[in-house]
Amino acid sequence: MRRFADPFAALHGHLFAWVPVFLGLGIGLYFSLMAEPDTRVYLVAAGAALIFAGLWRLGPLPFRPAAVGLLLVAAGLLIAGGRAHLVASPVLGFRYYGPVEGRVLLIDRSSSDQLRLTLDRVVLERMDPGRTPARVRITVGGTQPHIRFEPGQVVMLTAFLSPPEGPVEPGGFDFQRMAWFLRLGAVGFSRSPVMALQPPEPGQVGLYFARLRQSISDGVRARFPSDAGGFVTAVLTNDTSGLSREALDSLRASNLAHILSISGLHMSLLAAFVFAALRHGIALVPVMALRVSSKKIAACAALLAAGFYYGLSGGAVATQRSFVMIAVMLVAILVDRRAITLRSVAIAGIIVLVLQPESLLQPGFQMSFAATVALVAAFAAVRELPQERWRLPGWLRPVAALALASVVAGAATAPYGAAAFNKLSGYGLLANMAVEPVMAVLVMPGAVIAAVLALVGLSDPALWVMVQGARWILAVSDWIAGLDGAVVGVVAPPVWVLPVLTLGGLWLILIPFRARWAGMVPVAAALVLWAAAERPGLLITENAALVGLMTPEGRALSRGTGEKFTAQNWLENDGDLAGQRQAAARPGLAAAGAGLSVPFGPVEVLVLSGSVADGDLAGSCKPGRLLILAEARAANPPRDLACRVIDRRELALRGALAVRLSGADITIVGAREWSGKRLWTVSPGPNAGYDRDGAAPAITETAAAGEPSVPSAAD
């Protein structure tokens, strides 16, 4: 028994950092289930949690850490399930066209740079309030010069609405799940003028920061109508709508897009500037310096500044994690404890996971915590090095610290960024080292000074300084993005790669003795599994409008326009940097009458886009052929068909299809089958594809641009 207890005794003082890890395992278990847990599952989980809690308090000492771990796994499952039911709200079950009334909750821009409104207090014509979505997101086409949008105002417009879309392929990004936790019950678009029914109500505290954010964005863009002004707006308010598509692409290609998202870098620089400025300011006044604790007063001011910045940013996950981290660190200063430790990171992780367990699946959470854990561990290791052997000249220390931080954070976040965005930047380290000093010296101090001077209407000089820093950053991103090999495509990893890689990395960092090197085994296994990943040979959209066949030149697409979001996702998941038109020009697909013939190993896949009569169906269905119909079959189709037929009804039930070849056999998996039967999966009913009156919706493709009128998940 004592020999069994020795490893846990050696871990004493290091186990707290594992609390969010096991909590995350329970949350991940909930989201990995193929069916929504029923009451019995939750009762079993709650009972198991009570048993493990008893073992933790009363059981033998060697078993207590294991009991705590299992308790946290059960608690994570319960927290995630509770959160999913807590945010439950109606989801539109059909396509709707008609008037939409609601209160403006958020104003931003879609991926196609069109105005986008998120509305709550929604009213739909002839719709029972109990079935009306709590929130809808509508992309507004054209210009709206007659109205100035403000958070809190009540508006009305005519819009097309539809339920949130599922994944564009099995295992792909699940917009339905994200929309569920955002309480978005419908998304859509409008080309009609928007009417303002009521101005914002006075005293709406919950919308104060939204209005302030909009006011700052409008003011900065009016003074500095350029990408540099848009960059400053993004840093101040998390609003990237002022940046052009070219600037955003350059920032992403140079691995500098993280600078736009208000996260750890911004929050720590802001808090550090406020803390240092106030502490040194108090030290310059001897009367005060001798009578008050300048460090604690500065910590309180920095905490207030960070809290205000958090509210202004809109409270994204990365910002929330950063604020919690900064708050824990500053509170540690107030109670005379060491501030920057893995314990403070663990506390931040616990708080974020308890409040928003769904954030575990988001790249922002994964990259943010990966960078923070790696940086804290790396600098703790540097502090333990013999000073006499590794002592650097004073002028070189900031440069070495910046280089170390860039290397460590870049290496820690690279797998998660590559998995989420299917790209790696070849010169990301160089770009970050060139711009981070400018962020620290010009941009973030300028933001604090601008906020102070705004109280007396003199913020322009500080904003001008920020704009100069922004111009340098944008110039660096353009230069890096233009270099050969600036962006490398990365294939999407299999589902278990990131969890295994994460656990291996955490084992390497959190285990304090030689056994830590065992963590290299899962890390290496995950990377090998990723490198050997194979993409589906054939992909078909839910409406059979787009087909993608893997060829030696890359995935060949059936069309060069339309279904833009799906095509982009397929190519990105392949690690393919080609555009849709380029992919459509690849050989491999052939026209066959009114359809498309796809050679797929020993099987011929025939995709027919129009309606097919029963006689034509029998003639098209030959042995060894898979027939995909874009339209539903007749009520009584022929039963003695010689091939496998999948029509529009089955596609609607199964979702986008991934077809794989194994020898002479093919395997077909639908996106809805992969997602399982969860709270957020919306199964099409008998009226799917029809509006509230049962009439066919007027949703077609725009002839001019060839793009689908129905907005994608990106919009």
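1. Ground rules. The model is predicted, so to speak of local features we need pLDDT of at least 70, and side-chain atom pairs count only at pLDDT 80 or more, while totals for chains, interfaces and linings use all residues. Residues are numbered from 1 along each chain as its sequence is written, and side-chain values use heavy atoms, with hydrogens and water left out.

2. The whole chain. The protein chain has 25 helices and 18 strands; these are DSSP runs numbered from the N terminus, with helices being H or I of at least four residues and strands being E of at least two. Of its 715 residues, 46% count as buried (buried is under 20% relative accessible area, exposed is over 50%, partly exposed is in between, with a 1.4 Å probe and protein chains only). Among contacts (heavy atoms within 4.5 Å) with a separation of 6 or more, 65% come from residues 24 or more positions apart.

3. A helix pair. Take α2 (residues 19–32) and α13 (residues 342–355): their axes come within 8 Å and cross at roughly 25°. Axes here are lines fitted to C-alpha atoms, for helices over the stretch in contact, and angles run from 0 to 180 degrees between N-to-C directions. The two helices are therefore roughly parallel to each other (angles under 35 degrees; over 145 is roughly antiparallel, 65 to 115 roughly perpendicular, and the rest oblique). Their crossing is left-handed, meaning that the near helix is turned anticlockwise from the far one by less than a right angle.

4. What touches in that pair. From α2 come Val19, Pro20, Leu23, Gly24 and Ile27, and they meet Ala346, Gly349, Ile350, Leu353 and Val354 of α13. By class, this contact has eight nonpolar, two polar and no charged residues. For the classes, Ala, Val, Leu, Ile, Met, Phe, Trp, Tyr, Cys and Pro are nonpolar, Asp, Glu, Lys and Arg are charged, and the others, Gly among them, are polar.

5. A five-stranded sheet. The order is β12-β13-β14-β15-β16, the sheet is open and the pairing is mixed; two strands pair if DSSP finds at least two bridges between them. β12 (590–592) and β16 (644–646) stand at the edges with a single partner strand each, so one side of each is left without a neighbour in the sheet. On average, neighbouring strands of this sheet are turned by 25° against each other, direction ignored.

6. Strand β15 in that sheet. Five bridges join β14 (residues 603–608) to β15, and these two run parallel; valine 605 has leucine 626 of β15 as its bridge partner. Three bridges join β15 (residues 625–629) to β16, also running parallel. Here leucine 627 stands opposite valine 645 and isoleucine 628 opposite isoleucine 646. Arg625, Leu627 and Leu629 point one way from β15, Leu626 and Ile628 the other way, and all are buried.

7. Glutamate 436, in helix α17 (residues 428–453), is buried at a relative accessible area of 17%. Leaving aside neighbours within four places in sequence, glutamate 436 is in contact with His258, Leu402 and Ser406. Glutamine 153 is in the loop between β3 (135–140) and β4 (154–162) and is buried at 3%. Its contacts beyond four places in sequence include Arg103, Arg148 and Gln198. Glutamine 153 and glutamine 198 are 45 residues apart in sequence, yet 5.6 Å apart in space, C-alpha to C-alpha.
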